[in-house]
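Below is a short briefing on a structure, arranged by topic. Please keep the sequence and the 3D view at hand while reading.

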Amino acid sequence: MSNATSAHSVVEPSTTTKRIAGIIVVLYAIITMVPLAWIFMTSFKSPPDSISYPPKLVFTPTLEGYCNLFTTRTRQTPEYIQSLGPPQSTCDEITRSRNMVIAGPSNYWPRFTNSMVIAFGSTFLAVFLGTLAAYGFSRFRVPLADDLLFFILSTRMMPPIAVAIPIYLMYRELGLSDTALGMILLYTAVNVSLAVWLLKGFMDEIPREYEEAAMIDGYTRLQAFRKVVLPQATTGIAATAIFCLIFAWNEYAFAVLLTSGTAQTAPPFIPTIIGEGGMDWPAVAAGTTIFLVPILVFTILLRKQLLRGITFGAVRK
Amino acid sequence: MAEIRVENLRKQFGDFTAVEDSSFTVHDGEFLALLGPSGCGKTTTLRMIAGLELPTSGKILLDDEDVTFNRASARDIAFVFQLFALYPHMNVRKNIGFPLLSQGVAKAEIRKRVEETARLLQIGHILDRSVSGLAGGDRQRVALGRAIVRRPKCFLMDEPLGTLDAEFREVMVHELRELHNRIHATTVYVTHDQHEAMAMADKIAVMNHGIIEQYGTPQEVYNRPASMYVADFIGSPPMNFLKFQSGLESGATTIRLGDVPISVPEVHAVREPGELALGVRPEHVRFSDTAPLRGAVYGSEYLGTNQIVSVETAQGMVKARVPADLNFTIGETVGLDLNSDKLSLFDCASGKAVPSSLYAEARHG
């Protein structure tokens with residue numbers, strides 16, 4: 001009576017289960033990818049195409065969004081434009097076709113550079129401090145260690161906006177408002193708690209015997225830390241760095257409150273890109289697309305570290 | 001190579017005393033096994049010698065130099081960890097050469113010495129492999145290689161065979177002893193396995209609750225256990241204890257187990273009446289129809305070369321190691337003949353052995 005094809009395995013999921021799981025994963029991927037794909041497509045649309053209804057899936061791609069992102073333009077009479085020489089670049093041509101001329105570069109590139117400096121600077125600092133602190137918490141008998149760790153975690157419990165005003169006042173007095181240094185310090189302070197907690201977990205996983213062996217082999221604790229512990233913590237450090245970088249890169253609330261000019265990062269700048277008669281959506285989309293690139297590259301570069309196992313099994317557990 | 005002297009060493013973790021007042025000397029080239037159950041303080045003692053823990057009080061001398069509070073890196077000792085602690089991000093060659101690197105030895109010299117060591121341990125063929133793929137025994141050899149490459153003053157080993165399977169452990173016991181014979185390194189070896197300790201060590205220190213219960217050669221520890229604890233811990237099956245109430249006079253050569261007289265080695269001490277125990281190893285019990293000590297056969301474990309028979313007597317269960325071909329039936333009453341020369345007496349209150357002519361031999365020879 002019973003279907004005698006194969007015995008049912010307890011551990012191995014059945015084919016149907018696998019198929020259903022696969023479909024769910026694909027659906028989830030589509031749902032998360034659609035907004036990104038839409039932004040990417042919008043960045044190549046012309047302004048009228050970007051706001052047309054129903055939305056256009058098929059359109060003639062143009063670099064107008066990218067041109068508008070990187071330039072400021074002024075409107076001129078057709079006669080004036082006629083009097084100019086041949087266009088210097090593709091962007092020049094596109095701009096002239098809209099009866100405008102390029103007046104100069106936009107602020108996007110400086111803002112993007114600010115983002116790079118602030119995000120990578122604060123990530124480096126947070127991971128550096130976090131690694132040392134985590135090692136200390138993991139290996140030494142720190143007085144009140146649990147309370148200190150809780151205190152470190154508690155710095156993340158408030159919404160940033162709750163402390164934004166005091167920080168704003170403090171920074172104004174200290175001359176740190178609208179400076180890259182101020183933003184680096186602020187993001188480091190926020191990220192260091194995440195770094196300490198994440199890295200402490202990774203450090204706890206590294207058996208003490210490695211350092212003890214190295215110290216017996218004639219190394220000081222600091223040398224043992226550098227030569228034996230750090231190489232094994234790379235996975236944890238890479239994972240922590242990615243989390244810190246994503247936070248610092250995407251942070252909006254502090255950036256919008258504490259920066260306005262010289263130190264402004266890309267997130268508060270992108271929504272302010274305004275074209276003729278409203279938002280310049282292709283330019284906004286172009287800015288967002290470029291903004292996504294560094295974090296994508298960083299994650300892909302560190303992917304190997306992330307995937308590699310924590311220890312390679314030389315200590316048997 | 002060097003002599004290790006430990007004087008009144010003591011270690012406390014909060015209220016817990018891990019090691020209490022231990023003193024012993026490991027002579028140059030000697031192999032000492034610290035033997036005891038888990039939590040007896042043997043590993044703590046070893047870690048203090050290594051410099052991985054600092055003692056609460058007491059002294060550690062390496063070749064007469066007081067190193068009690070020296071850093072581990074300044075002691076010139078090697079340590080083999082239970083889990084080997086091979087650096088996973090380095091291959092075998094780099095692992096073995098790592099201690100030399102810290103001493104600033106030239107690259108060519110490191111290469112030469114690593115290869116020499118590898119030849120000694122017969123691991124030359126795996127030098128360029130990653131340590132993660134190695135089998136247990138090879139990892140063990142690499143860990144040993146890392147320890148001996150530097151020719152340190154002494155080796156400390158913390159249950160290095162604990163994670164190997166039984167079959168392989170025997171091979172490694174043999175290899176370790178052979179290695180020791182070849183390089184004559186002063187060695188302190190921590191283990192909870194009496195067979196390892198008996199098979200390898202020149203001296204054994206049996207530890208219990210942070211105290212060294214007995215320090216001596218494997219023969220001494222086995223034949224003349226200083227306490228009931230040692231007698232029970234060493235030997236498989238352990239020593240039998242037959243409890244009885246009596247006092248002892250110096251010069252006595254017989255005791256009475258109930259109504260049964262048993263001759264024992266000449267007693268060299270006086271004991272007030274109290275609970276005593278007669279200690280007898282299973283191999284010193286023979287079945288004899290004429291023996292006055294009698295009991296009923298309770299069961300047997302067949303071991304191939306011989307068998308362990310449990311016999312219930314009025315003083316408690318006695319295990320006897322008898323020839324494998326001896327026949328008997330469960331419940332049968334048998335007589336037990338004890339080998340008089342090899343009997344120990346213990347004071348049950350203190351657990352200590354009562355001095356006798358058997359024990360006096362130890363001191364004089």
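In this predicted model, contacts in chain B between residues at least 6 apart in sequence join residues at least 24 apart in 64% of cases. Chain B has 365 residues, and 44% of them count as buried.

**Chain B: make-up and extent**
- The secondary structure of chain B consists of nine helices and 20 strands.
- Taken along the principal axes, the box filled by the C-alpha atoms of chain B is roughly 75 × 45 × 40 Å.

**Chain A: domains**
- Two domains are assigned in chain A: domain 1 covers 47-106, and domain 2 covers 109-265 + 292-307.
- Between the C-alpha centres of domain 1 of chain A and domain 2 of chain A the distance is 42 Å.

**Contact between chains A and B**
- On the chain A side, 20 residues are in contact with 22 residues of chain B.
- Helices α10 (209-216) and α11 (221-250) of chain A each contribute at least two residues to the side of chain A that touches chain B.
- The most is given by α10(A), which supplies six residues to that side.
- By residue class, the side of chain A that touches chain B has eleven nonpolar, five polar and four charged residues.

**Confidence**
- For the complex, the predictor reports an ipTM of 0.80 and a pTM of 0.78.
- Chain B has a mean pLDDT of 90, with 98% of its residues at 70 or more.
- Where pLDDT is low, predicted coordinates should not be read in detail.

Definitions and conventions:
Residues are numbered from 1 along each chain as its sequence is written. Chains are lettered from A and ligands numbered from 1 in the order in which they are written. This is a predicted model: local features need pLDDT of at least 70, side-chain atom pairs count only at pLDDT 80 or more; totals for chains, interfaces and linings use all residues. Domain bounds come from an automatic or database domain assignment. Two residues are in contact if their C-beta atoms, placed from the backbone, lie within 7 Å. Helices (H or I, at least four residues) and strands (E, at least two) are DSSP runs, numbered from the N terminus. Ala, Val, Leu, Ile, Met, Phe, Trp, Tyr, Cys and Pro count as nonpolar, Asp, Glu, Lys and Arg as charged, and the others, Gly among them, as polar. pLDDT is the predictor's confidence in each residue, from 0 to 100. A residue is buried if 20 or more other C-beta atoms lie within 10 Å of its own, exposed if 12 or fewer, and partly exposed in between; C-beta atoms are placed from the backbone.
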